[in-house]
There are 2 protein chains.
Amino acid sequence: MMYVVGVDAGGTTTRARALAADGTVLGTGRAGGANPNSHPPAQAAAAVAEAVAAATAGLDRAGLRACVVGMAGAGKLTDPAVADIFRRTWREGGFGDVARVVSDAEAAFASATAEPDGTVLVAGTGSIAGRIRKRRMVSVAGGYGWLLGDEGSGFWIGREAVRATLDALSRGTALGTLATSVLAQAGIDPDEPRAFHRLITAANGEPPVRLARFAPLVSAAVDDDPEAERIVEQAAGLLTRTALTARDVDESTPVVLVGSVLAEDSPVGIRVRTRLSGLDVLGSSDGVLGAAWLAAVEAFGEHALHPKGVL
Amino acid sequence: MMYVVGVDAGGTTTRARALAADGTVLGTGRAGGANPNSHPPAQAAAAVAEAVAAATAGLDRAGLRACVVGMAGAGKLTDPAVADIFRRTWREGGFGDVARVVSDAEAAFASATAEPDGTVLVAGTGSIAGRIRKRRMVSVAGGYGWLLGDEGSGFWIGREAVRATLDALSRGTALGTLATSVLAQAGIDPDEPRAFHRLITAANGEPPVRLARFAPLVSAAVDDDPEAERIVEQAAGLLTRTALTARDVDESTPVVLVGSVLAEDSPVGIRVRTRLSGLDVLGSSDGVLGAAWLAAVEAFGEHALHPKGVL
């Protein structure tokens with residue numbers, strides 16, 4: 001029997017799924033994180049091999065026609081030394097010859113639509129938009145990382161929440177819902193005279209991306225606090241601009257939204273959908289489905305069954 | 001003979017100056033850095049004591065009427081444990097009873113004007129504005145540090161230079177003067193395909209504040225490259241807004257500009273002066289003179305000779 005494997009290789013978990021040509025799930029597998037930016041390359045490559053082995057246990061490897069690995073941090077494989085470690089590990093695992101790495105954003109795009117062209121907009125801790133042509137990301141907008149960009153991301157929203165709280169403490173006016181919850185989250189008594197300095201110290205006392213921990217407080221305060229509303233509006237505007245930068249002016253292809261910040265019922269997600277309302281805006285589905293479908297298209301052609309049921 | 005001492009305690013050097021009541025310089029001293037944010041408190045306190053000892057060598061300590069220490073990172077002394085280390089070290093040095101710490105911004109304000117009230121705007125690697133009343137900074141605007149703010153600072157300008165370069169590399173259009181010099185500074189060949197990723201890696205490979213190393217490239221490119229002009233204009237706008245946030249709407253007191261970004265002949269310094277042209281805008285002089293003058297006012301009264309010759 002011919003089959004394909006899709007893999008979603010993330011920061012904390014790697015999942016694999018084996019699919020027959022008719023879409024039947026033949027097996028699933030799971031292993032630890034495989035983002036080569038946060039794990040040693042050998043460990044990341046081995047986690048993918050472990051998940052693939054589990055998903056294909058009991059299947060004849062001769063039937064494996066394609067394996068697509070959607071990977072967070074896939075850009076790291078432009079480093080030849082890193083790519084070599086992956087290639088060798090996967091050859092030893094018996095799937096190196098049919099394996100192909102795509103970015104997690106490409107897998108997410110494919111999870112949402114059978115269309116080959118469009119835009120993917122990702123906003124989790126970081127943010128990036130990709131121009132998709134023939135299911136590959138041919139260029140990006142944003143994606144500079146927290147130090148240089150990530151506008152509208154969870155990091156950015158969390159940082160704005162802390163900045164707004166420092167502004168309020170500087171002014172000495174009564175604190176709103178957002179500032180109050182930011183100080184509570186940081187474990188700081190709003191009435192103590194050193195609250196301003198303690199908040200700066202708390203924010204600088206953890207890795208910068210951990211500022212994203214304050215982002216949910218902005219969503220929670222959006223109906224009560226004009227400061228939260230301002231941050232959410234600004235994030236939606238920045239993310240929309242990032243998405244449009246990755247598109248031609250008259251492009252009518254779908255836009256696929258990915259990540260917690262852009263969830264369908266989140267304040268930023270709702271506002272981005274409103275701003276893009278003339279376009280076909282879709283939420284991403286599970287990345288492992290997108291990767292499996294990309295593998296199916298590769299092995300069985302354009303008319304492979306899309307995981308969302310689209311032909 | 002009665003005299004006073006002023007100290008400028010900076011990140012890399014500490015300087016002290018002893019002044020007689022008539023402004024005569026009685027002695028000078030120098031020691032290593034004394035910023036308690038970048039040095040252990042005991043070492044910072046000892047550096048100040050060493051500089052004071054050198055400036056007062058041969059003078060009768062009974063004549064010392066006041067000692068004002070202008071200190072970068074003075075906010076650290078709101079920590080009682082740190083303050084205690086300074087107090088003990090300076091008592092042992094024989095000037096603890098007459099010593100008083102002010103911020104480097106307060107010393108800089110006093111170095112420029114004999115007026116008791118006004119605004120100080122600082123832009124070096126970081127940025128902050130202070131509202132000065134009776135020569136003390138009674139509140140600040142900005143000063144959140146590089147992670148949360150520092151708008152218009154050398155860090156901010158350098159980061160914008162890198163971002164603009166990444167934008168240009170993303171667009172794939174011809175690189176302007178600024179982008180070309182940023183890549184040269186980072187040691188990256190503009191024609192290599194991985195230039196975009198290598199610049200992100202280079203920026204993240206050093207402490208974030210080191211992004212300030214790209215700021216001079218913006219000044220250098222300002223006449224040739226609209227991107228550099230845009231960054232300089234934006235920095236000037238942000239710094240002006242920070243300064244005005246620290247002022248009352250109808251305030252007519254002086255504004256003292258401090259730091260390399262605001263130098264009289266720098267592109268940002270010129271633009272900030274233009275934006276504030278209705279006000280009395282002054283450049284700061286040497287912080288050690290400001291500290292010495294604050295000490296003289298404390299010991300000899302409001303009519304002590306100002307180091308710039310103002311009564």
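At what angle do helix α4 (residues 154–171) of chain B and helix α8 (residues 226–245) of chain B pack, and how far apart are their axes? The legend to View 1 gives both values. This is a predicted model, in which local features need pLDDT of at least 70 and side-chain atom pairs count only at pLDDT 80 or more, while totals for chains, interfaces and linings use all residues. Residues are numbered from 1 along each chain as its sequence is written, chains are lettered from A and ligands numbered from 1 in the order in which they are written, and side-chain values use heavy atoms, with hydrogens and water left out.

**View 1. Packing of α4(B) against α8(B).** The two helices pack at an angle of about 150°, and their axes are 10 Å apart (axes are lines fitted to C-alpha atoms, for helices over the stretch in contact; angles run from 0 to 180 degrees between N-to-C directions). Helices are DSSP runs of H or I with at least four residues, strands are runs of E with at least two, and both are numbered from the N terminus. From α4(B), B:W156, B:I157, B:E160, B:A161 and B:A164 meet B:E227, B:R230, B:I231, B:Q234, B:A235 and B:L238 of α8(B) (contact means heavy atoms within 4.5 Å). The residues of this contact divide into seven nonpolar, one polar and three charged (Ala, Val, Leu, Ile, Met, Phe, Trp, Tyr, Cys and Pro count as nonpolar, Asp, Glu, Lys and Arg as charged, the others, Gly among them, as polar).

**View 2. Crossing of α1(A) and α2(A).** Helix α1 (residues 41–55) of chain A and helix α2 (residues 80–92) of chain A cross at roughly 35°, with axes that come within 9 Å. This crossing is right-handed. On the α1(A) side the contact residues are A:P41, A:A42, A:A44, A:A45, A:A46, A:V48 and A:A49, and on the α2(A) side A:V82, A:I85, A:F86, A:T89 and A:W90. By class, eleven are nonpolar, one is polar and none is charged.

**View 3. The rotation axis relating chain B to chain A.** Chain B superposes on chain A (RMSD 0.1 Å) by a rotation of 180° with 0.1 Å of shift along its axis (least squares on the C-alpha atoms of residues with pLDDT of at least 70 in both copies). That is the relation of a two-fold axis. B:L147 is the residue of chain B that comes closest to the rotation axis, at 4.1 Å (C-alpha).

**View 4. The interface between chain B and chain A.** Each chain gives 25 residues to the contact. Because 100% of the interface residues of chain B are also interface residues in chain A, the copies meet through the same surface. About 2100 Å² is buried between the chains, and carbon and sulfur atoms give 59% of this area (accessible area, 1.4 Å probe, that two parts lose on being put together, summed over both). In chain B, the most area is lost to chain A by B:Y144, B:L147 and B:L148, together 36% of what that side buries.

Notes:
Left-handed = near helix turned anticlockwise from the far one by under 90°.
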